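The account below goes from terms to elements to single residues.

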Amino acid sequence: MKTVKEHMNIVVIGHVDSGKSTTTGHLIYLSGGFDISTFQTVSQTAEKYGKKTFQYAFLLDRLNSERERGTTIDISQWEFETSKYHFTIIDTPGHKDFIKNMITGTSQADVALLVVDATQGGFETGISKIGQTREHALLASTLGVKQMVVLVNKMDERSVQYSETRFNEIRTKVLKYLKRLGYNAKKVPVIPISGWKGENMVKRSPNMKWWKGPTLIRILNSLTPPKRPTNLPLRIPIESVYLISGIGTVPVGRVETGILKFRQHVTFAPSGIYSEVRSIEMHHKPFEIALPGSIIGFNVTNVSIREIRRGNVCGESQNDPPRGVSQFTAQIIVMNHPKMIKVGYTPVIDCHTAHVACRIDKIVQKIDKRSGKVLEENPKGLRNGDSGLVVFVPQKPFCVENYSEYPPLGRFAVRDMRQTIAVGVVKSIVRIENN
């Protein structure tokens with residue numbers, strides 16, 4: 001009898017041009033996730049675009065605009081297996097213009113592969129204050145991804161030439177930053193690889209004999225699956241919605257809490273639309289139920305594709321269904337803003353798969369971020385390094401939850417000026433009751 005392997009989701013993050021898609025595509029290929037005929041077809045396509053070296057990236061970057069630009073724009077998902085686990089791997093954009101897609105993909109992950117460019121200048125750009133290496137790691141931490149693996153990529157490049165000294169320099173700097181974000185640096189694996197050549201991914205590289213650590217596949221097999229909150233009411237933040245001929249409306253998202261079942265009656269927030277689940281699929285395979293951690297598509301009845309969108313949340317109609325909120329109170333920490341944040345400020349809140357502008361209606365308290373002690377009531381504003389209790393009013397329909405009750409829907413990033421300026425957790429909400 002075939003043993004069913006435990007499932008986990010991996011997100012691949014990092015600075016633009018660090019080799020994320022190439023590394024991801026090659027890893028899936030080496031693990032048997034793509035057959036030879038598919039790879040040959042994609043290789044021929046890469047040659048037609050004049051981008052032969054992008055053949056592994058093209059396995060995931062399917063949009064013409066992505067292939068023409070040589071840049072990932074949207075998230076893509078694929079599956080592969082190791083000897084121990086069944087993985088869904090999520091490739092995300094590195095470019096700042098598509099950061100919302102990166103955040104959406106990261107919100108669905110259990111583990112993050114942080115791809116770092118080892119080339120001279122490449123690493124320094126990514127780890128700088130405006131670099132995406134730094135910001136992507138921060139967002140992964142904010143969105144609750146507790147396990148991190150660092151891949152020091154492009155070790156084969158001319159400016160690196162498999163240098164152990166360069167690897168150790170990068171390793172030290174990355175772990176120092178991850179430690180500041182709250183990761184246990186001693187438990188974060190850092191592996192030197194070449195995503196293009198596949199070195200140290202499945203087999204140990206003969207060009208890096210100094211590397212005595214494990215391969216990437218061994219690291220993936222050593223990961224610990226998170227606890228799955230099946231006892232909580234159902235919550236599925238919607239990533240995308242499709243209209244499939246012969247089937248109908250199919251929302252796609254990750255089950256965060258609870259269990260989705262065939263023929264279950266569900267509610268979508270913040271709209272309050274009711275429906276029934278007619279089918280459930282994961283990687284085009286049918287299922288009767290979907291457990292937390294599963295990224296699934298599910299067909300719902302009597303709902304138009306125009307009535308559901310990314311950022312909506314699905315829940316069970318008869319068991320604490322999700323609702324939109326008129327306001328929510330959150331504790332935030334300001335990390336990177338040039339001025340004082342005051343009442344009336346309206347940044348974008350990125351929470352689960354939603355991205356909604358929210359106005360600060362009141363700054364209730366300034367708080368010591370370490371002890372939790374109240375430093376000042378009704379302060380005029382918050383500056384870099386300050387923590388405070390803030391009341392937000394969404395400018396569009398929005399569904400969030402208390403962090404203490406539904407952690408995946410209660411932690412968020414605050415963004416403005418194309419950067420993350422604060423992080424926070426929801427302390428209380430005022431729900432809008434649907435008629």
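A residue is called buried when its relative accessible area is under 20%, exposed when that area is over 50%, and partly exposed in between. By that rule Glu401 is buried, because its relative accessible area is 1%. The model is a predicted one.

Begin with helix H8, which runs over residues 164–180. Its 17 residues reach 25 Å from the first C-alpha to the last, close to the 24 Å expected at 1.5 Å a residue. Arg166, Phe167, Ile170, Val174, Leu175, Tyr177 and Leu178 are the buried residues of H8. They lie on the same side of the helix, because they cover an arc of only 160 degrees around its axis. On the face turned away from that buried side are the exposed residues Thr165, Thr172, Lys176, Lys179 and Arg180. The buried residues are covered by elements that include strand E4 (111–117), helix H6 (122–127), helix H7 (132–142), strand E5 (147–153) and strand E6 (190–192).

Just after the helix, Gly182 has a positive phi of about 110 degrees.

Helix H7, one of the elements covering H8, is itself largely enclosed by the rest of the structure, because nine of its eleven residues are buried. The buried residues of H7 are Gln132, Thr133, Glu135, His136, Ala137, Leu138, Leu139, Ala140 and Thr142. Gly144 follows H7 and has a positive phi, near 90 degrees.

In soluble globular proteins, nonpolar side chains tend to be buried together. Here the largest nonpolar core has 71 residues, and Leu114, Met148, Val149, Val150, Leu178 and Leu220 touch the most other members. With neighbours within four places in sequence left aside, Val150 is in contact with Leu114, Val116, Val174, Leu178, Val188, Pro189, Val190 and Ile191. Another core lies apart from this one; it has 24 residues, among them Ala330, Ile332, Ile341 and Phe398.

Strand E5 also holds Asn153, which is buried at a relative accessible area of 3%. What does the side chain of Asn153 reach? It reaches the backbone oxygen of Ser18, at 2.9 Å. Beyond its neighbours within four places in sequence, Asn153 has contacts that include Gly19, Thr23, Val115, Asp117, Ile193 and Gly195.

Side chains of opposite charge can pair when their charged atoms come close. The count of salt bridges comes to 18. One of them joins the side chains of Arg166 and Glu124, at 2.9 Å from N to O. Arg166 is in helix H8 and Glu124 in helix H6, so this pair ties together parts that are 42 residues apart in sequence. Arg166 counts as buried at 5% relative accessibility, whereas Glu124 is partly exposed at 31%.

A second salt bridge joins the side chains of Glu401 and Arg235, at 3.0 Å from N to O. This pair links distant parts of the chain, 166 residues apart: Glu401 is in the loop between strand E20 (387–394) and strand E21 (411–416), and Arg235 is in the loop between helix H9 (216–221) and strand E7 (236–244). Arg235 counts as buried at 0% relative accessibility, and Glu401 is buried as well, at 1%.

In another pair, Glu276 and Arg263 form a salt bridge whose closest N and O atoms are 3.7 Å apart. Glu276 is in strand E11 (residues 273–282) and Arg263 in the loop between strand E9 (260–261) and strand E10 (265–269), so the pair ties together parts 13 residues apart in sequence. Asp110, Arg228, Arg254 and Glu256 are linked in a network of salt bridges.

Last come some details of the backbone. Most residues other than glycine have a negative phi, and most peptide bonds are trans. Lys154, in the loop between E5 and H8, has a positive phi near 65 degrees. Met417, in the loop between E21 and strand E22 (419–431), has a positive phi of about 55 degrees. The peptide bond from Ala269 to Pro270 is cis, with omega near 10 degrees; Pro270 is in the loop between E10 and E11.

How values were computed. Residues are numbered from 1 along each chain as its sequence is written. This is a predicted model: local features need pLDDT of at least 70, side-chain atom pairs count only at pLDDT 80 or more; totals for chains, interfaces and linings use all residues. Side-chain values use heavy atoms; hydrogens and water are left out. Helices (H or I, at least four residues) and strands (E, at least two) are DSSP runs, numbered from the N terminus. The expected span of a helix is 1.5 Å times one less than its number of residues. Buried means under 20% relative accessible area, exposed over 50%, partly exposed in between (1.4 Å probe, protein chains only). The arc is that of the directions from the helix axis to the C-beta atoms. Contact means heavy atoms within 4.5 Å. A polar contact is a pair of N or O atoms within 3.5 Å; within protein, one must be able to donate a hydrogen and the other to accept it, and residues adjacent in sequence count only if both atoms are side-chain atoms. A salt bridge is a side-chain nitrogen of Lys or Arg within 4 Å of a carboxyl oxygen of Asp or Glu. A nonpolar core is a set of buried Ala, Val, Leu, Ile, Met, Phe, Trp, Tyr and Cys residues joined through side-chain atoms within 4.5 Å.
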